Every structure is written in structure tokens, then in C-alpha cells.
Amino acid sequence: MTVPSGRVLVLNAGSATLKATVLDLPASEPRFDRTIDWPTAAQVASGSALDATLDAIVDDGVASSSIVTVGHRVVHGGERFTAPVAIDDETLGGLDDLAGLAPLHNPIAVAVIREARMRLPGIPHVAVFDTAFHATLPVDAWRYPVPDDWLIDHGIRRFGFHGLSVEWSTRRTADLLGRPVRDVRLIVAHLGGGCSVTAVDGGRSVDTSMGLTPLEGLMMGTRAGSIDPGILFSLHGRGMPLDEIEHRLEHESGLLGVGGTDDMRTLLRRESGGDDRAALAIALFVRRAAAAIAAAATTLPTLDALVFTGGIGEHAATVRSRICGRLGMLGVPTPGADAPEGDHLLGRGPEGTTVIRVQAREDIVIANAALAAIGAAWAGQAGVATD
């Protein structure tokens with residue numbers, strides 16, 4: 001099937017920001033690209049922040065009638081949504097049911113979808129899921145060692161996140177290495193406000209650090225990542241309510257909890273000035289990221305590339321170098337000075353393992369997936385085979 005090209009509005013609703021991008025595919029340079037902070041939860045629910053974004057798009061010369069489809073990033077698709085899906089009322093009901101799996105992200109994304117459908121009613125809307133890329137995880141990667149009834153009755157299993165970022169990084173890495181995706185084995189370290197590590201074998205996710213929710217795995221900006229679950233029982237047994245435990249693990253831990261800020265640039269500046277608290281936060285971050293990368297490497301037959309993406313992964317050269325410095329036993333080189341902005345090979349080890357930096361471009365993945373989804377819908381309605 002030929003996937004139609006055209007103008008796509010991508011709405012990426014995060015817990016603190018709304019990123020809006022207009023792409024004229026197949027071109028990758030945005031026609032419009034803007035990120036706004038969510039001022040208050042009420043403004044998310046009322047759609048006023050979305051109104052301001054849509055007004056800015058029109059003011060920039062993009063007519064709503066020229067938009068072929070709207071692609072929405074949704075963090076958690078659960079077991080039901082493992083591929084992009086055209087949004088209707090039934091889909092929205094299914095997304096509502098998943099709110100508890102990603103409480104910081106899914107409810108906001110669904111609110112934006114509802115508001116966007118009301119404001120752009122004549123345009124098809126498509127949900128694209130961060131979890132979908134990890135649908136290829138083998139059972140020994142997604143199964144937790146817990147009782148069967150936890151899985152069967154409660155759906156306790158690993159899903160993984162940052163799939164859109166990993167998918168783009170995989171494509172770009174193959175391009176940079178001059179090899180087809182099917183022949184590349186890599187680890188993608190998405191390091192930003194949220195952090196994860198994913199092992200990719202021939203374009204398929206085979207291991208990832210985030211789990212049932214985005215709270216598992218690496219130390220992050222404000223999230224603790226993996227800790228002894230007995231800590232939770234201990235705190236609750238001493239009288240700390242569960243909602244407070246959840247809030248503090250999600251919002252007051254990670255770099256913020258140890259270093260006093262979730263901004264890596266600030267921590268690096270403070271460390272250079274002799275701040276022990278900042279130095280400890282960075283050391284913890286580096287140790288845990290390197291450990292996760294090393295663990296993920298055990299799931300691959302070879303390691304062709306270690307890819308850094310996300311805000312910290314792209315811009316914090318010192319952090320990248322320290323992580324790589326702990327991975328010499330895997331043949332990972334330690335990059336030197338930072339390369340110019342953009343996608344670059346930063347170093348190659350004696351055994352051929354390459355360190356690569358890739359700019360996160362989830363918007364391109366979302367836009368292409370949205371076009372493909374509506375193309376399949378059009379073909380299906382016309383009775384055309386889509387395989």
C-alpha cells in the first residue's frame with residue numbers, strides 16, 4: 001500500500017508541556033514547531049492552552065483545512081493498543097481505562113485529544129503509543145517473577161516506554177552506520193526528564209528498563225527509578241499514606257531528591273564549584289545508567305552501537321563520557337569533546353562498537369504513523385488490500 005503524504009499536526013502532550021509540530025511529510029523540517037508550558041491543570045482541561053497553540057499555528061500561515069490528520073502521542077497503550085489507531089469514542093473509552101498505568105501522562109493526553117477533536121472535527125485523529133514499539137519483547141523480558149494471578153487477573157507485566165524515541169533512534173543509527181535496520185544491534189539510552197535503556201536487535205525491542213509504569217528503571221529527573229520495594233512497605237508501615245509515597249517517588253526523587261534540582265546543567269555547574277550534593281546526584285545517575293546499559297547488553301549477540309538521545313543524552317557531553325567510561329569492558333569507547341549539534345558518530349571502539357548521538361524526533365515517527373493509519377483506514381473503506 002502507498003502511504004499518503006501530506007501535512008500532519010503532531011500534538012505531544014506531556015505532564016508539564018504541550019509540544020505542537022506541523023510537518024509536511026515526507027519533509028522532516030517542521031513547518032511549525034512550538035512547546036508551551038501547561039500553566040495549570042484547569043487550562044489543560046478547558047482547552048485554553050490548546051486554543052493558544054492552534055491560534056499560533058494559524059497565525060504562522062498554516063490553515064487548519066490544509067492538515068490531513070492529527071497525530072497524538074499517548075504514553076501507555078496497555079495490552080489493547082499495540083499499534084497506531086484512529087480515534088473514535090470507543091477508543092477514547094479504552095484510553096480512559098488506562099489512566100492508572102501512566103497517571104502523569106495518559107489523562108492529560110486524553111484530555112488534549114478530546115479538546116482537539118472538538119476544535120478540529122473534520123480531520124481524522126490518530127493515537128500513537130510509546131509502548132507499542134515494545135510489543136516485540138520476548139516473554140522472559142516482559143514477565144515479572146510474581147504469582148500467575150497477578151499477571152492474569154491484574155495485568156502486572158512490563159510494557160516499556162519511550163518507544164517512539166527508540167524507533168527513531170534505531171532508524172537514524174542504521175542510516176549513520178550505512179546498514180539496514182535488520183542488521184543492527186544497539187542500545188538506546190533515552191536520558192532526559194524521564195530515562196530508559198532499550199536493547200534493539202534488528203529493529204525489534206528485546207529488553208527495556210521501564211516496566212508496568214514509567215517509574216521503573218533508571219534514576220530520572222524527579223522519579224526514583226528502581227528501588228527496593230520493601231522501602232514502600234516500611235514507609236507505609238510507619239504511617240506514610242500510599243498517595244504520599246507515590247507522589248514523592250514520582251515528583252520529589254531522582255536528581256531532584258538527591259541534588260536539589262532536576263536540571264542536569266545546573267547540577268554540573270554546581271559540581272564544578274565543589275558542591276558535594278550535586279556531585280553525588282550525578283554520580284548516582286551515571287552509575288545507574290551504566291548499569292542498565294550493561295544489563296541490556298547481555299540480551300544482544302553483539303553490540304554495534306550505544307545511542308544517546310533525550311535532553312541529557314544529547315547535550316550533556318560530560319555525563320555521556322562518564323557513562324561510557326564505565327562500559328569499557330563492553331568495547332564502548334569514551335567520547336571526547338562534544339560534537340556539533342545534530343546526529344553524529346562520537347567514537348568507535350577497537351571492536352567496532354560506536355557511540356552515537358541522535359536528536360529525539362518522536363514527531364516524525366508520530367506523523368508517519370498517523371498518515372499510515374488513516375491510509376489503511378481509507379483503503380479498508382474502499383475495499384483495498386492493505387498488506
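This briefing walks through some strands, rings and side-chain contacts of the structure above.

The model is predicted, so local features need pLDDT of at least 70 and side-chain atom pairs count only at pLDDT 80 or more, while totals for chains, interfaces and linings use all residues. Residues are numbered from 1 along each chain as its sequence is written, and side-chain values use heavy atoms, with hydrogens and water left out. Helices (H or I, at least four residues) and strands (E, at least two) are DSSP runs, numbered from the N terminus.

- Which strand is largely enclosed by the rest of the structure? This is E4, residues 69-74, because 6 of its 6 residues are buried; buried means under 20% relative accessible area, exposed over 50% and partly exposed in between, with a 1.4 Å probe and protein chains only.
- In a regular strand, side chains alternate between the two faces of the sheet.
- Both faces of E4 are covered, with Thr-69, Gly-71 and Arg-73 buried on one side and Val-70, His-72 and Val-74 buried on the other.
- E4 pairs with strand E1 (residues 6-13) in the parallel sense over 4 bridges; two strands pair if DSSP finds at least two bridges between them.
- In that pairing, Leu-9 stands opposite Val-70 of E4.
- E4 also pairs in the parallel sense with strand E6 (residues 125-129), over 5 bridges, and there His-72 faces Ala-127 of E6.

**Aromatic rings**

- The count of aromatic pairs comes to 1; rings of Phe, Tyr and Trp (its six-membered ring) pair if their centres lie within 6.5 Å, and planes under 30 degrees apart count as stacked, over 60 as edge-to-face and the rest as tilted.
- Phe-81 and Phe-129 make up this stacked pair, at 5.1 Å centre to centre with 10° between the planes.
- The pair links distant parts of the chain, 48 residues apart: Phe-81 belongs to the loop between E4 and strand E5 (85-86), and Phe-129 to strand E6.
- Phe-81 counts as buried at 6% relative accessibility, and Phe-129 is buried with a relative accessible area of 2%.
- Arg-157 lies over the face of Trp-142, at 4.3 Å from the ring centre; a charge sits over a ring if NZ of Lys or CZ of Arg is within 6 Å of the ring centre and within 35 degrees of the ring normal.
- Arg-157 also lies over the face of Phe-159, at 4.6 Å from the ring centre.

**The six-stranded sheet**

- An open sheet of 6 strands runs in the order E9-E8-E7-E10-E12-E11, with mixed pairing.
- Strand E9 (204-208) and E11 stand at the edges with a single partner strand each, so one side of each is left without a neighbour in the sheet.
- From one strand to the next, the twist averages 25°; axes are lines fitted to C-alpha atoms, for helices over the stretch in contact, and angles run from 0 to 180 degrees between N-to-C directions.
- Helix H7 (residues 163-177) packs on this sheet and touches strand E7 (185-191), strand E8 (195-201), strand E10 (305-309), E11 and E12, its direction making about 130° with that of E10. Contact means heavy atoms within 4.5 Å.
- E11 (residues 344-348) and E12 (residues 354-357) pair in the antiparallel sense over 4 bridges, with Gly-347 opposite Val-355.
- Their hairpin has 5 residues between the strands, and Gly-352 takes a positive phi near 95° in this hairpin.

**Ser-196 and His-162**

- Ser-196 sits in strand E8 and counts as buried at 1% relative accessibility.
- The side chains of Ser-196 and His-162 make a polar contact at 2.7 Å; such a contact is a pair of N or O atoms within 3.5 Å, where within protein one must be able to donate a hydrogen and the other to accept it, and residues adjacent in sequence count only if both atoms are side-chain atoms.
- His-162 is found in the loop between helix H6 (148-154) and H7, is buried with a relative accessible area of 10%, and has a positive phi near 60°.

**Two loop residues**

- Thr-261 lies in the loop between helix H10 (254-259) and helix H11 (264-272), and its side chain reaches the backbone nitrogen of Asp-263 at 3.2 Å.
- Pro-26 is found in the loop between strand E2 (17-25) and strand E3 (32-37), and the peptide bond from Leu-25 to Pro-26 is cis, with omega near 15°.
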